[in-house]
Amino acid sequence: MIVIGIESSAHTFGVGIVDNGVILANEKSMYNITTKGMIPGDVANYHMDHVNEVISKALLSANISIDELEGVCYTKGPGIGPCLQVGQLAAKTIAKELGLKITTVNHSIAHIEIAKHFAKQKDPLVLYVSGGNSQILKMRKNKTNKYYVLGETFDIGVGNMLDNFARSAKLNPAWGSTVAKIANEGKYIELPYTVKGMDFAFTGLLTKATSLIGKEKIQDLCFSIQENAFSMICEATERALLMTNSSELCVCGGVAQSSMLKDMLGSVAKEHKAKFGYAPDQYNADNGAMIAFVGERELSKGHDTKLSKCTIDQKFRTDLAVVY
Ligand code: FE2
């Protein structure tokens with residue numbers, strides 16, 4: 001079944017096309033984050049301006065015409081309301097105009113399922129780390145087809161924390177990957193470290209690191225904020241790995257693009273003889289292919305959604321979504 005998937009939950013407007021589990025296209029356009037961060041109305045306007053262009057590019061790279069599409073899906077949430085509405089409107093318009101089946105996709109589940117696909121893992125312990133989310137999850141053993149959350153952030157996502165620090169330090173571009181680059185030349189200075197069982201918190205670390213901007217070397221601050229944040233996540237993940245006795249560990253989400261985090265998690269997995277896996281970077285960043293991948297699975301199993309029930313949910317939690 002050829003399905004087009006639209007992602008618009010945050011800074012990325014992405015369109016993917018999947019046919020029977022095979023990714024045919026993954027195109028996107030990304031809003032450039034400045035020191036002001038993401039202003040919802042501005043990002044939504046950006047997405048609106050790029051709908052046609054990105055859909056056309058995806059059809060071109062999949063080498064299909066729009067008439068060959070058999071289904072459509074979009075990100076229902078979690079995400080920024082006005083941004084989610086752009087994807088919703090685009091998907092509903094395509095469904096109505098072409099008379100296609102439509103379904104909605106949980107953004108977090110899409111990150112998890114595409115990573116499991118590339119990692120060739122069936123039932124891993126999952127670490128989902130992105131701008132808005134940081135969770136440790138495992139599929140429930142009952143028949144609900146839902147994940148349960150073993151541990152998560154008490155406050156903000158690790159990606160948001162690193163982006164926020166980058167903005168305060170006026171790094172350019174102001175996001176986590178710039179922190180990672182500058183961190184290569186830094187050494188460790190002591191910063192807050194907060195883990196409670198399998199949960200963690202990042203605002204204390206962010207506040208302290210931000211207060212030291214201009215007083216300590218930026219290289220040392222970048223190194224230490226990453227070192228503490230990733231060590232906290234690894235400590236909680238190791239505890240969850242031992243508690244669940246999992247033989248597989250999978251990391252996904254935007255922050256899973258960090259090679260430092262992957263190296264640290266790889267060591268944890270090796271220590272406990274668990275297989276470690278993840279998706280290529282372009283599928284860990286927000287993208288339309290992961291939405292199409294999950295949506296195609298839902299639609300091909302007959303789980304379509306009535307057009308009138310195609311809503312958005314800004315706070316759609318990972319553990320509330322059914323995985324088909
Ligand atoms: Fe994401």
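User: What is the accessible surface of the protein chain, and what share of it belongs to carbon and sulfur atoms?
Analyst: This is a predicted model: local features need pLDDT of at least 70, side-chain atom pairs count only at pLDDT 80 or more, and totals for chains, interfaces and linings use all residues. Residues are numbered from 1 along each chain as its sequence is written, and side-chain values use heavy atoms, with hydrogens and water left out. Areas come from the Shrake-Rupley method with a 1.4 Å probe; for residues, only the protein chains shown count as cover. The accessible surface comes to about 14000 Å², and the carbon and sulfur share is 50%.

User: How many helices and strands does the protein chain have?
Analyst: Helices (H or I, at least four residues) and strands (E, at least two) are DSSP runs, numbered from the N terminus. The protein chain has 10 helices and 12 strands.

User: Why does the protein chain count as compact as a globular protein of 324 residues?
Analyst: The radius of gyration is taken over C-alpha atoms, and the globule rule is 2.2 Å times the number of residues to the power 0.38. For 324 residues the rule gives 20 Å. The chain is therefore as compact as a globular protein of that length, since its radius of gyration is close to that value, at 19 Å.

User: What percentage of the 324 residues count as buried?
Analyst: Buried means under 20% relative accessible area, exposed over 50%, and partly exposed in between (1.4 Å probe, protein chains only). For the protein chain, the buried share is 55%.

User: Is Ile-112 buried or exposed, and which residues does Ile-112 touch?
Analyst: Ile-112 lies in helix α3 (residues 107–119). Its relative accessibility is 0%, so Ile-112 counts as buried. Contact means heavy atoms within 4.5 Å. Not counting residues up to four places away in sequence, Ile-112 touches Val-126, Leu-137, Tyr-147, Cys-252 and Thr-318.

User: Where do the buried residues of α5 fall, seen down its axis, and which helices do they pack against?
Analyst: In helix α5 (residues 176–183), the buried residues are Gly-176, Thr-178, Val-179 and Ala-183. They fall within an arc of 155°, so they line one face of the helix; the arc is that of the directions from the helix axis to the C-beta atoms. These buried residues pack against α4 (158–168) and α7 (218–244).

User: Where is Asn-142 found, and what is its relative accessibility?
Analyst: Asn-142 is in the loop between β7 (134–139) and β8 (147–152). Asn-142 counts as partly exposed because its relative accessibility is 42%.
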